[in-house]
Amino acid sequence: MTRPMLQTAIRPAAAGDCTSLAALSIEVWTGTYLRNGVSGHFADYVLSRYTPAHFAEALDNPAERLLVSQNRDGIDGYIRLAHGRPSPAGGASCTEIATLYVQPRHHGHGTGLRLLQAGLQLCRSNGWDAPWLTSNSDNARAISFYLRNGFEQAGQTHFSIGQANYPNTVLQYRA
């Protein structure tokens with residue numbers, strides 16, 4: 001039995017979206033990275049990082065843009081772009097796709113691709129560089145998605161939480 005596809009619209013995030021963005025981020029982050037249980041270490045990180053205030057600050061920052069995928073029931077994904085952030089792999093780009101999250105139940109319906117395409121168009125219309133991003137090196141599904149959609153591997157870096165470091169792949173969009 002196939003699931004009915006929800007109609008979605010890509011639009012700029014608004015102040016009233018901050019709680020939804022926080023909840024969606026916690027859902028995606030914990031589901032993606034916490035496979036064997038939730039420790040206090042990670043719970044403290046995710047609950048302090050993904051807050052409505054965190055998103056309100058991003059919306060107030062002229063160097064950041066957030067676009068959301070809105071269906072009839074609410075937000076099912078978003079992309080966050082940040083200009084003025086040099087790539088850890090070097091290169092000329094100073095535009096980062098800081099986040100591209102889609103609720104897992106909406107994977108495979110084109111939501112991520114529509115958000116990515118809208119984000120790339122936003123970079124072009126703002127005169128920003130072709131973006132770079134990082135992905136957890138163990139997240140083969142995400143890396144494959146970006147490679148299929150115009151990105152190439154540009155290097156390696158680490159994501160740090162406290163004293164722990166996690167390898168991340170740096171990907172650069174081929175403009």
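Which residues have the most contacts inside the largest nonpolar core? Before I answer, please keep in mind that this is a predicted model. The largest nonpolar core has 20 residues, and those with the most contacts inside it are Leu21, Trp29, Tyr50, Phe55, Leu66, Tyr78 and Tyr101. If we ask where the core residues come from, at least two are supplied by each of H1, helix H2 (40-49), H3, strand S2 (64-71) and strand S3 (74-83), and the largest share, 6 residues, comes from H1.

Leaving aside residues up to four places away in sequence, Leu66 touches Arg11, Pro12, Ala13, Leu21, Phe55, Ala58, Leu59, Tyr78, Ile79 and Arg80.

Now I turn to a pair of helices. Helix H1, residues 18-33, packs against helix H3, residues 52-60, at an angle of about 120°, and their axes are 8 Å apart. Because angles of 65 to 115 degrees count as roughly perpendicular and only those over 145 as roughly antiparallel, this angle makes H1 oblique to H3. The crossing of H1 past H3 is right-handed.

As for the residues that meet there, H1 brings Cys18, Thr19, Leu21, Ala22 and Ser25, while H3 brings Pro52, Phe55, Ala56 and Leu59.

Key. Residues numbered from 1 in each chain as written. Predicted model: local features only at pLDDT ≥ 70, side-chain atom pairs only at ≥ 80, totals over all residues. Heavy atoms only, no water. Axes fitted to C-alpha atoms, helices over the stretch in contact; angles between N-to-C directions. Helix = DSSP H or I, 4+ residues; strand = E, 2+ residues; numbered from the N terminus. Parallel < 35°, antiparallel > 145°, perpendicular 65-115°, else oblique. Left-handed = near helix turned anticlockwise from the far one by under 90°. Contact = heavy atoms within 4.5 Å. Core = buried A, V, L, I, M, F, W, Y, C linked by side-chain atoms within 4.5 Å. Buried < 20%, exposed > 50% of the residue type's maximum accessible area, 1.4 Å probe, protein only.
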